[in-house]
Amino acid sequence: MEKKRIKIFDTTLRDGEQSPGCSMNLQEKLELAKQLEKLNVDVIEAGFAISSPGDFKAVREIAKMIKNASVASLARTIKKDIDAAYEAVKYAKYPRIHMFIATSDIHMKYKLKMEPEVVYQRAVEMVTYAKKLCADIEFTCEDATRTDKDFLCRVIEGVIEAGATVINIPDTVGYTVPKEYYELIKYVIKKVKGIDKVDISVHCHNDLGLAVANSLAAIEAGATQIECTLNGIGERAGNAALEEIVMTLDTRKDIYDYYTKIETRNIYPASQLVSKLTGVKAQPNKAIVGDNAFAHEAGIHQHGVLVNDKTYEIMRPESVGIARNKMILGKHSGRHAFVDYLSKLGYELSEQNLEDVFKQFKLLADKKKVVSDLDLVALVSQKQLEVPKTYELDTFIINSGNVISSMCSVKVRKDGQLIEGVSVGDGPIDALFNAVESIVGYKIRLKDYGLNSVTDGKDAQGEAYVKIEYKDVVYHGRGLSVDIIQASVLAYIDAVNQVIHYGL
Ligand code: KIV
Ligand code: ZN
């Protein structure tokens, strides 16, 4: 039997970005959109244009930049939402407006305070309106899995007649189970006139941990598009994870007659980028992209994998872009091998960025015995997110201990001048951050700070993440160094530079 292609609709930039702690600024969203294009997703949901001027701009800039995927903006079934969505996506090669209205009794009664008939009329009327602006209209019956089935079918039929090209039947609250969802999709396919002319999309939340299983059940029932996010980020317990759906279809092609056009080698770099942009790392045991997803701790397992990796590995780490902790390049490696390896990891950098990252790699190779692909991913991501260095770290000195207050001096360069800040604090990090704040001279609120180790071992690079608030806007800073204190101060200075670049 001929295999059927499943379209991948990525909503990391909309549903994912909506989840706590996952907000991104314009530059960060553009970086992620580029990575999504490299992944070869079919649709990028770039945001919810009406929700804020920042979201509008992000959708518009992404629409201008992306050439190989549709770019969608979410909109309620309200004219001003639809107009904003269209204004933002109209620059795209393949623009899409994604409209939604809730159809379950509970949502209509308590949230919308609208009678079902009014919801039906509004849905049809607004799709008719949107269709005059944009050819590609996706329509979502929010909370579909708790909607009366016959009302659901009626709304779907109405909006198809009005011109919808994609129908989304989401499990908004993560309530359904695979068997029930399968039957719901089958029911809609059987009952709705015109359903064979449109794509059937599913969008599952993970409140019961079933988002991926439900999406797969929907594919078997006839769904043709899956809505998902990288690392499964999203409202509450998150959305169906892109990497899990794609790799299930790929790994079990013996039983699934479906495929996607995702470049699986680019999954890991994309996942890493999401973690770096949001500061929210996938849990270590996260399928496919977690730190332990391909780690074998038990002796019996390690032995098995050494003899034949298929004993305990159902897919190759390389197939998702991971070549874990292998000695891949050393301090004698040339530029050519370096470029070649980066491209195998799915990265293409501009000449200047390449030059900079190569220099950093050489410095790192001098300090570390083993430079792994994880180190390279960290260096490249750092580079991709860099903004002009208004302030640049020169030196720092700390005096700290468990019986004294920490004291430090930080020297930074600005416009060729050396500026020193001296401060005390509750611990070395607090002292350093206070010193930088005294240099820049404005009140910064630290909202979050975290530190991850890029690889194992005493000489591992530390990756620091800082979230600060300045004038009610949140900025992210990142720092990378084999010295964790240095990584932290670099992250703080980077966050300050982000404020200057984007905010001042
Ligand atoms: O979960 C949901 O139903 C949604 C829709 C707006 C698509 O996110
Ligand atoms: Zn959702």
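Which elements do the buried residues of α9 pack against? They pack against α8 (178–191), β8, β9 (225–228), α10 (242–251) and β10 (258–259). Welcome to this structure, which is a predicted model.

**Helix α9**
- Among the buried residues of α9 are A211, V212, N214 and S215.
- G222 follows α9 and has a positive phi, near 130°.

**Nonpolar cores**
- The largest nonpolar core holds 121 residues, and those touching the most other members are I97, M99, F139, I156, I169 and L376.
- Helix α7 (residues 149–162) gives the most to this core, contributing 8 residues.
- I156 is in contact with C141, I167, I169, V188, V192 and I195, once its neighbours within four places in sequence are left aside.
- There is also a second, separate core of 29 residues, including F396, V410, A464 and Y492.

**The zinc site**
- Three residues coordinate the zinc ion (ligand 2) at 2.0 to 2.1 Å: D15 through OD, and H203 and H205 through NE2.
- Along the sequence, the spacing of these donor residues is D-x187-H-x1-H.
- D15 sits in helix α1 (residues 12–16) and H203 in strand β8 (residues 199–203), so this pair ties together parts that lie 188 residues apart in sequence.
- D15 and H203 are both buried.

**A buried threonine in a loop**
- T145 is found in the loop between β6 (137–142) and α7.
- With a relative accessible area of 13%, T145 falls under the 20% cut-off for buried residues.
- Not counting residues up to four places away in sequence, T145 touches P170, D171, T176, Y181 and L184.

- An open sheet of 3 strands runs in the order β11-β12-β13, and its pairing is antiparallel.
- At the edges stand β11 (392–399) and β13 (417–425), each with a single partner strand, so one side of each has no neighbour in the sheet.
- On average, neighbouring strands of this sheet are turned by 15° against each other, direction ignored.
- Strand β12 (residues 406–414) pairs with β13 over 9 bridges in the antiparallel sense, and K414 has Q417 of β13 as its bridge partner.
- Helix α16 (residues 428–440) lies across β11, β12 and β13, at about 135° to β13.
- Helix α17 (residues 484–503) also packs on the sheet, where it touches β11 and β12; the direction of α17 makes about 130° with that of β11.

Technical notes
Residues numbered from 1 in each chain as written. Chains lettered and ligands numbered in written order. Predicted model: local features only at pLDDT ≥ 70, side-chain atom pairs only at ≥ 80, totals over all residues. Heavy atoms only, no water. Core = buried A, V, L, I, M, F, W, Y, C linked by side-chain atoms within 4.5 Å. Buried < 20%, exposed > 50% of the residue type's maximum accessible area, 1.4 Å probe, protein only. Helix = DSSP H or I, 4+ residues; strand = E, 2+ residues; numbered from the N terminus. Contact = heavy atoms within 4.5 Å. Donors = N, O, S within 2.8 Å, 3.2 Å for Na, K, Ca; no water. Pairing = 2+ DSSP bridges. Axes fitted to C-alpha atoms, helices over the stretch in contact; angles between N-to-C directions.
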